[in-house]
Amino acid sequence: MTALLTEYSDFDRHTFGPDFVWGTATAAYQIEGAVDRDGRTPSVWDTFSRQKGKIKTGETADVACEFYDRYESDLRLHKELGFDAFRFSLSWSRILPDGVGPKLGGRLNEAGLAFYNRLIDHCLALGMTPWITLYHWDLPQALENKGGWPNRNIVDWFAEFADICTKAFGHKVKHWIILNEPLAFSVLGYFTGQHAPGRRSFRNLLPVIHHTALAQAEGGRIVRQNVPDAQVGTTFSCSPIDPFTASTRDGAAAARVDALMNRLFIEPALGLGYPTKELPFLAGIAKKVAKPGDMERLAFDFDFVGLQHYFRAVVEHSYFMPYLWASQVSPLRRNVSTITEMGWEVYPESMYRIIQQFSQYEGVRKIHITESGAAFYDTVQNGAVNDTARLEYHQNYLYQILRAKRDGLPVTGYFAWTFLDNFEWAEGYRPRFGLVYVDFRTQQRTVKASGRWFQQLLTNQHRLADVNQS
Ligand code: BGC
């Protein structure tokens, strides 16, 4: 093991306490494949990835990790690595091929429900707790054709989907996450166009933000109503924001970026409204987009918040970025050498700081880290993947979580992003985040050193079983 492990010699699963949840996180479109099987219809990501130039490598997730067919052996491997929770998302268009269900005039796909029933049952049979994410970015194309997130009807479409899923699985699944990173799919999908559906317009931005925030709260209410004994949460991408210099202008730029990246979706859920002081353009929501009663409907008392944290951001004032008047100062410009394949700075202390920042909200009672991880270039040599950099990333970020726990902050779970190397959205398959290496030609799985380290941490085995699988 690395020097770090010796340094953290008190570091095993018991150090985090008996109630701490250990899992990995995944998403349907990134792993399932089988995009046209058993009645599934395209999502916006199927359409987007087929358009020229949208995915850096020109790839699609048509096959991905073939998880749709391999879920049994994959879940066995997940269990062997010692994880007790498995986070996955539901493909909306696998369950509702028309986007809407019978109440709104569409079909319910029994084969789609059956797949998730098999997956859930298998998890439970292995003694792992399933954590469902209702929405991880793969909007049915049928709904995008009707306007997508800028159309206010999305709140009803999503509510029906949430209602159907909780009624179908709620007797077996007690951990529910409403949305995965609302900021990412709203802003990247409808404003900058880097993600599906690839639309770019400022006109859409405020409606998309508002409908997303409404769906977030509405989803929470539906889960609570249909599964009263559930733990209901939702996730946020988040990063501590540092000003590049001590100047007032950079300080103000950092405050604006913080409002956008960290506060935009949690504050309405907490009943605090949108952060309009730092981002005055958001006032347009109340003036032009919202309907009477909406501002109250944005609030929902989540049982936990899921923080998804990877890097810190350093920002400076900029005239080139309208509305935000700020831009990121890249790690390269700051001479930071510890960066991942995504160009993100590895900065473990930011994990402590972001937990601390979110703990300060009165309404945040419980925090799970629902994603954190790193993409580094991997090679298989003699059947092994020696991914020391990823291993150290998890050790160091976990150590900061431990610090936070010891300081009394309410952090109670860690979901590594991610179990298997997979389709990394607009980047294609190149950035590998997995604890398990996937050879996308043969679908062979090889547990990386980072996966082995988790296995040792979680099972306390001194001699590790050979769990590589094909
Ligand atoms: C997303 C994942 C993604 C990961 C790494 C998160 O923003 O939820 O789907 O693969 O980050 O980019």
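In this predicted model, E349, S350, M351, Y352 and I355 of helix 15 are in contact with Y397, Q400, I401, R403 and A404 of helix 16, where contact means heavy atoms within 4.5 Å. By class, that contact is made up of six nonpolar, two polar and two charged residues; Ala, Val, Leu, Ile, Met, Phe, Trp, Tyr, Cys and Pro are counted as nonpolar, Asp, Glu, Lys and Arg as charged, and the others, Gly among them, as polar.

Local features need pLDDT of at least 70 and side-chain atom pairs count only at pLDDT 80 or more, whereas totals for chains, interfaces and linings use all residues. Residues are numbered from 1 along each chain as its sequence is written, and side-chain values use heavy atoms, with hydrogens and water left out.

Helix 15 spans residues 349–359 and helix 16 spans residues 388–406, and the two pack at an angle of about 35° with their axes 7 Å apart. The axes are lines fitted to C-alpha atoms over the stretch in contact, and angles run from 0 to 180 degrees between N-to-C directions. Their crossing is right-handed, that is, the near helix is turned clockwise from the far one by less than a right angle. Helices (H or I, at least four residues) and strands (E, at least two) are DSSP runs, numbered from the N terminus.

Around the ligand there are 14 residues, of which Q30, N180, E181, E371 and E424 come nearest; a residue belongs here if one of its heavy atoms lies within 4 Å of the ligand. This shell has seven nonpolar, four polar and three charged residues. The table gives polar contacts, which are pairs of N or O atoms within 3.5 Å.

| Side chain | Ligand atom | Distance |
|---|---|---|
| Q30 | oxygen | 2.8 Å |
| E371 | oxygen | 2.8 Å |
| W425 | oxygen | 2.8 Å |

Taken alone, the ligand exposes 310 Å², and the protein buries 94% of that, with areas from the Shrake-Rupley method and a 1.4 Å probe.

Some backbone features lie in loops. The peptide bond from A196 to P197 is cis, with omega near 5°, and P197 sits in the loop between helix 9 (182–190) and helix 10 (202–226). Another cis peptide bond joins W417 and T418, with omega about 10°, and T418 is placed in the loop between strand 11 (411–416) and strand 12 (436–439).

How values were computed:
A polar contact is a pair of N or O atoms within 3.5 Å; within protein, one must be able to donate a hydrogen and the other to accept it, and residues adjacent in sequence count only if both atoms are side-chain atoms.
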